[in-house]
Amino acid sequence: MRDDQKQEETFVMNIRFDIYRKVPKDLTQPTYTGAFISILCCFFILFLFLSELTGFIATEIVNELYVDDPDKDSGGKIEVSLNISLPHLHCDLVGLDIQDEMGRHEVGHIDNSMKIPLNQGDGCRFEGEFSINKVPGNFHVSTHSATAQPQSPDMTHNIHKLAFGEKLQVRKVQGAFNALGGADKLSSNPLASHDYILKIVPTVYEDLSGRQRFSYQYTVANKEYVAYSHTGRIIPAIWFRYDLSPITVKYTERRQPFYRFVTTICAIVGGTFTVAGIIDSCIFTASEAWKKIQIGKMS
């Protein structure tokens, strides 16, 4: 008997701690309004759940700015990819020269470069990949490396590509990685030099796995001029003068944490049912009050 009494007392104590008290079914009253609100509530929860699920599966790109050299393992070098067409200058005359403030002065760079004849040999397309130091400098396409200088070199051109660092193709990142791509100077003065002043901005992209890719964006300003000295007209060239920005742009790929997703879903379900219950209760109370008023009028 004592054991039965202890079990009964334990059961009563457990019931007291139940915060989810149950209402007997015969004490509840279903209504058409409640059913309609319940159906709307379920569809609303489903819509919000699918929206949150889509946001949880998808990734977002967060960008930040800081002052630092992100690619310290590069040895102080930046890889450059250049593709340019000069439709009125023979390939034997086209060359690439590189200079910088560290004392580098290279005339007629030929490593990892290729010249493709255009217009039955009258023009040339220069494609090259080379490295520059992380100091202010320039590289230029000119006839300086030719064995014999032409009298009137035609420097009209079309730039297909000028990019720095790794190729970065991310749909959600829209940057100026090839700002000069498509630049058309075919209608310019054939004897004019062209100055492209570049401000190179280091860019880092970090994916979900933590792997980083290093690239560079750049802004550009340009001018066109015919240069003269005391000996006469200076041989024209296509100059790319560059300087590096101390500011680094970092893009980080992130996904919403799972605990935040679960918290949001619980808030959606609980909040929707609570608001729906308040609306249903207000409608039911108003309906009952209106019925009582109508009965009072009839009596």
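This is a predicted model: local features need pLDDT of at least 70, side-chain atom pairs count only at pLDDT 80 or more; totals for chains, interfaces and linings use all residues.
**Exercise 1. Which side chain does the side chain of D195 make a polar contact with?**

Residues are numbered from 1 along each chain as its sequence is written, and side-chain values use heavy atoms, with hydrogens and water left out.

*Solution.* 
- Step 1: find D195 in strand 10, residues 193-206. Strands (E, at least two residues) and helices (H or I, at least four) are DSSP runs, numbered from the N terminus.
- Step 2: look at its cover. D195 has a relative accessible area of 5% and is therefore buried. Buried means under 20%, exposed over 50%, and partly exposed in between, with a 1.4 Å probe and protein chains only.
- Step 3: list the surroundings. Skipping residues up to four places away in sequence, D195 touches A221, N222, K223, Y225, W239 and R241; contact means heavy atoms within 4.5 Å.
- Step 4: pick the partner. The side chain of Y225 makes the polar contact with the side chain of D195, at 3.4 Å. A polar contact is a pair of N or O atoms within 3.5 Å; within protein, one must be able to donate a hydrogen and the other to accept it, and residues adjacent in sequence count only if both atoms are side-chain atoms.

**Exercise 2. Is S188 buried or exposed, and what does its side chain reach?**

*Solution.* 
- Step 1: S188 sits in the loop between strand 9 and strand 10.
- Step 2: its relative accessible area is 12%, so S188 counts as buried.
- Step 3: the S188 side chain gets to the backbone oxygen of K185 at 2.7 Å.
- Step 4: leaving aside neighbours within four places in sequence, S188 also contacts T156, H194 and E224.

**Exercise 3. Describe the setting of Q99.**

*Solution.* 
- Step 1: Q99 belongs to strand 3 (residues 95-100).
- Step 2: Q99 is partly exposed because its relative accessibility is 23%.
- Step 3: beyond four places in sequence, its contacts are R104, H105, G137, N138, H140 and Y242. With H105, a side-chain to side-chain polar contact spans 2.9 Å.
- Step 4: R241 is 142 residues away in sequence, yet the C-alpha atoms are 9.5 Å apart.

**Exercise 4. What are the phi values of N112 and N119, and where do these residues lie?**

*Solution.* 
- Step 1: N112 has a positive phi of about 50 degrees although it isn't a glycine. Its place is the loop between strand 4 (105-106) and strand 5 (113-118), and at 62% relative accessibility N112 is exposed.
- Step 2: N119, also not a glycine, has a positive phi near 50 degrees. It's in the loop between strand 5 and strand 6 (123-133), and a relative accessible area of 46% makes N119 partly exposed.
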